[in-house]
Amino acid sequence: MNLTEQIQASLAAALRQEFDLEVAPAELQLQPTKKEFEGFYTFVCFPYAKQLKKSPVEIGTKLGEYVLAQGGVVSAFNVVQGFLNLSIADQVWLELFGTIHANEHYGQLPAKGEKVMVEYSSPNTNKPLHLGHLRNNFLGYSIAEILRMSGYEVMKTNVVNNRGIHICKSMLAYQLFGHGETPATSDIKGDHLVGKYYVAFDKAYKAQIEELVADGMEKEKAEKEAPLLKQAEAMLLKWEEGDPATIGLWEMMNSWVYAGFDETYQKMGVNFDKIYYESDTYLLGKDIIEEGLEKGVFYRRPDNSVWIDLTADGLDEKLVLRSNGTSVYITQDLGLADLKAKDFPMQKSVYVVGNEQDYHFKVLFLIMQKLGRPYAAGLYHLSYGMVDLPSGKMKSREGTVVDADDLMKEMKETAEAMTKELGKIDGFTEEEAQSLYHTLAMGALKYFLLKVDPKKRMLFNPQESVDFQGNTGPYIQYNHARICSILRKADQLQLTPTAPQGIDLQSSERDLIFTLSQFPQRVDDAASLYSPALIAQYVYDLAKTYSQFFSEVPIFAEENLEKKQFRVALSKSVAEVIRKSMNLLGVTVPERM
């Protein structure tokens, strides 16, 4: 039971004892006491006045006297109109801090004995990763880390879309216009090189459509009849038939893309435990269609296509197998869901995919429930909104989407310029400085994208994200580096961080201990709601609370040794929780800057 729950339980007992009123402790809302009044928690008595036929002041006084008489936790109370303000004994704060300070694994929740899979990234091998992929990857990685800390066994997976007509378009364009170019000969990163040919296909394809339209063909027909599209479709058939030359080209170009992706993922600081490739899974799911037909979940139409009727569930009728027996996307996803559950028997499976796929996942999850899959109840779509940029900033080489590599490079350049301007790299070697710029850039980028609720569409402002003031990654990183500097000085002075008993505390020290004590609950909340934004808000609040403490309370100028050692210990615990919180967001915190 945490401190808040102890106070709620004590107030519930007081209501029962003094007024014969039964109220569940969790229903008793506590607020932080306003700074102008003495106290830490405030309980509002007005809602009970009518029911108890007593004045709010009388209720507050009776409750205050009761909880004070219990001894130990509440050290004093005052009633202002109908507000009961409760002060917590310093010894309670010190004991609470002692448990935090002594726990090396503080924040790690007990093992739940359950497995969860988090699937994220899901790139296509015909183009490089873009800004949308950054939000996706950061969300997926962060959710996996939060779930792990909340006690789940976690597997991070990536489903790479490496086959199909889009992939054949870039392959065909390379065949026609590539002249044997490679990443090595062109000095172009592999995924960017393949993306270049996807763009080249689109340009040539549109030119053919214009020619056909100019010759009198309807545009809609021209889009289907353009020779390049016909050639790409023929290439896809050759791929499906296993034609050696087509497979060889596909393997070569995909290998370039995989190498490029690996480099980008490394810069991003994300990873995966297992990667699934669509080329291995696209034929899955047809056996599930047969099973569903036998169970009466699906039905076959006269043209031999297979459907599911979800109108009773508020959706519509959905095609699950074409009349010629070929799969649609949902067919493959049904098969892949079964394969993932076989590879990693799990209780939960989180799909990190943009909100344009909301309907698809509603259908997928509903079908799995109707098929009676034991893991179906744990399927969850972490649906996130688009990321916009201020107009005119950081346009990609194609001019339509913002390239992830370009954005990370420009973020590093921005971090470098701002760091040099603020003079935060004195005494750094060039290698150390470059490492710091990357750390700050990625901290700015990740924190800015993760501090917003995943469901919301958001505007990413690169300049604002790198600011060393306000709710930003660099602000929190700077606070961590400042504490590390304090700890180095304490080490030089041979001060031992300790959690003493029997000293009196300043209000900012109590605030800091309370904020530290909230960490496990915030981890649990973030895991339950699949929201890294809750961790981002928490670590910002912790950094702000420490800044307040730092400005109000002397550390090394304090004459009392016990207080000095306590403040060093308090600083150390704050640094550790900042580091753990930022790690949950995939952000590294520097020890000096």
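Start by selecting tryptophan 93 and phenylalanine 514: both residues are buried in this predicted model. Their rings form one of the 27 aromatic pairs that the structure holds. With the two rings in view, the centres are 6.4 Å apart and the planes stand at 90°, an edge-to-face arrangement.

Now colour the helices that carry them. Tryptophan 93 belongs to helix α4 (residues 90–102), and phenylalanine 514 to helix α20 (residues 507–517). The two residues are 421 residues apart, and the pair links distant parts of the chain.

Ring pairs join Phe40, Tyr41, Trp93 and Phe514 into a cluster.

Next, go to tryptophan 239 and tryptophan 250. Are these two residues buried or exposed? Tryptophan 239 has 8% relative accessibility, so it counts as buried. Tryptophan 250, at 12% relative accessibility, counts as buried too. Their ring centres lie 5.3 Å apart with the planes at 70°, so this pair is edge-to-face; planes over 60 degrees apart count that way. Show helix α10 (residues 227–241) for tryptophan 239 and helix α11 (residues 244–268) for tryptophan 250. Because the two tryptophans sit in these two helices, the pair ties together parts that are 11 residues apart in sequence.

The last stops concern arginines over rings. Select arginine 301 and tryptophan 307: the arginine lies over the face of the tryptophan, 3.6 Å from the ring centre. Then select arginine 592 and phenylalanine 428. Here arginine 592 lies over the face of phenylalanine 428, at 4.3 Å from the ring centre.

Definitions and conventions: Residues are numbered from 1 along each chain as its sequence is written. This is a predicted model: local features need pLDDT of at least 70, side-chain atom pairs count only at pLDDT 80 or more; totals for chains, interfaces and linings use all residues. Side-chain values use heavy atoms; hydrogens and water are left out. Rings of Phe, Tyr and Trp (its six-membered ring) pair if their centres lie within 6.5 Å; planes under 30 degrees apart count as stacked, over 60 as edge-to-face and the rest as tilted. Helices (H or I, at least four residues) and strands (E, at least two) are DSSP runs, numbered from the N terminus. Buried means under 20% relative accessible area, exposed over 50%, partly exposed in between (1.4 Å probe, protein chains only). A charge sits over a ring if NZ of Lys or CZ of Arg is within 6 Å of the ring centre and within 35 degrees of the ring normal.
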